[in-house]
Amino acid sequence: MAKLKISDLAKIKEQVTASTSLREGGASVKVTVHMGTCGIASGARTVLNAVMDELEKSARKDVIITTSGCMGLCSAEPLVTVEKLGEEPIKYSYVDDPKMRQIFNRHVLEGEIQTQWVLAKGSEQ
Amino acid sequence: MEDLSLHILDIVENSLMAGARLVEVAMEEDPASDSMAITVSDDGQGMEPQFLARATDPFVTTRTTRRVGLGLSLFKANAANWGGGLEVRSQPGQGTTVRVWFQRGHLDRPPLGDWPRTLCGLILTRQEVDFRYLHRVGEQEFELDTRELREELGPEALADPQVMALVRQQIGEALVQIGVAQVPAPPGGL
């Protein structure tokens, strides 16, 4: 049976110990990609891949990426929420790969809200 | 949905919405009988028999924001088009199992798509959930269990995008090795 190779796992493990020591501070930004059927069908997975790619490149340890379901605005999908600690969440609509990368690099990392793509401010409930 | 991975992702999202802590995805391809089956099982809250009976009806959903739910119904309609079907089994409090089967080589059957990336995206973004994945092609199989990985690498490891990029590469290589066709080999990064 094919399995993940133990020798490679050991290599991964070394990297982990090096990087987790930096992770102690806790998260200061949360990025949520909305992944309902509507989101998935209109490109949410591409958006999720883009943000994971940018996170990996940035090597930032205080950013959490998560997913959630449909929030009822299917026509505006893919939707992404960026929530910085102590600030109101910002919702972006019609996000695609390049927009997501720009949102990550400008808003998530630099704090500069990309107002041209903002749908709303605040939580849905 | 462009590929099978998106359909599976959609079904797994249902499991996550149902509060699952363990999601198991099994893909069984049998070249000899030209068949393929995908099973997604979870330990979420499950469904009452009345709801279960109508779960694949597009006008049934648990959502309160609108009155249609398309995930299961889309997959069911597609599986029927590929010479198969979809079946849901569920018990309240016990979890849900969705099984889809179809003709593996059907002309309209989409490719698997980028499943390694899709799965690693799920693992990375849902740290509170464990995933078990089994893929079988004829006699060959590949298995991954995040519970084992967490034990081996420590609980924090799977939250690290760099670690997950390595795991993703290895899944991709393993799938090629067991004979899964059309696994994309994208350039580095997650």
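Helices (H or I, at least four residues) and strands (E, at least two) are DSSP runs, numbered from the N terminus. A:T46 is partly exposed at a relative accessible area of 42%, where buried means under 20%, exposed over 50% and partly exposed in between (1.4 Å probe, protein chains only). A:T46 and A:P78 are 32 residues apart in sequence, and their C-alpha atoms are 9.6 Å apart in space.

A word on the ground rules. This is a predicted model, in which local features need pLDDT of at least 70 and side-chain atom pairs count only at pLDDT 80 or more, while totals for chains, interfaces and linings use all residues. Residues are numbered from 1 along each chain as its sequence is written, chains are lettered from A and ligands numbered from 1 in the order in which they are written, and side-chain values use heavy atoms, with hydrogens and water left out.

Confidence in chain A is lowest in helix α1 (residues 6-20), with a mean of 63, and highest in helix α4 (residues 97-108), at 96. Where pLDDT is low, the predicted coordinates should not be read in detail.

Next come the charged residues. Over all chains there are 20 salt bridges, each being a side-chain nitrogen of Lys or Arg within 4 Å of a carboxyl oxygen of Asp or Glu. A:D97 pairs up with A:R101 in one of them, the closest N and O atoms being 2.8 Å apart. Both residues sit in helix α4 of chain A, four residues apart, or about one turn of the helix. A:D97 is partly exposed at 25%, and A:R101 is partly exposed at 22%. The pair also belongs to a network of salt bridges that links A:D53, A:E54, A:K57, A:D97 and A:R101.

Elsewhere in chain A, A:D62 forms a salt bridge with A:R60, with 2.7 Å between the closest N and O atoms. Here A:D62 is buried at 18%, whereas A:R60 is partly exposed at 28%. Chain B has a pair of this kind too: B:R147 and B:D145 form a salt bridge, their closest N and O atoms 2.9 Å apart. B:R147 is partly exposed at 36%, while B:D145 is buried at 9%.

A polar atom of the A:K84 side chain does lie 3.3 Å from the backbone oxygen of A:V108.

On to the cysteines. The structure holds zero disulfides over all chains, a disulfide being a pair of cysteine sulfur atoms within 2.5 Å. A:C38 is in no disulfide, and the nearest cysteine sulfur, that of A:C74, is 3.6 Å away. A:C38 counts as buried because its relative accessibility is 14%, and B:C120 counts as buried at 0%.

Finally, B:T56 lies in the loop between α2 (49-52) and α3 (71-81) of chain B. B:T56 counts as buried because its relative accessibility is 18%. The C-alpha atoms of B:T56 and B:V88, 32 residues apart along the chain, are separated by 8.4 Å.

How values were computed. A polar contact is a pair of N or O atoms within 3.5 Å; within protein, one must be able to donate a hydrogen and the other to accept it, and residues adjacent in sequence count only if both atoms are side-chain atoms. pLDDT is the predictor's confidence in each residue, from 0 to 100.
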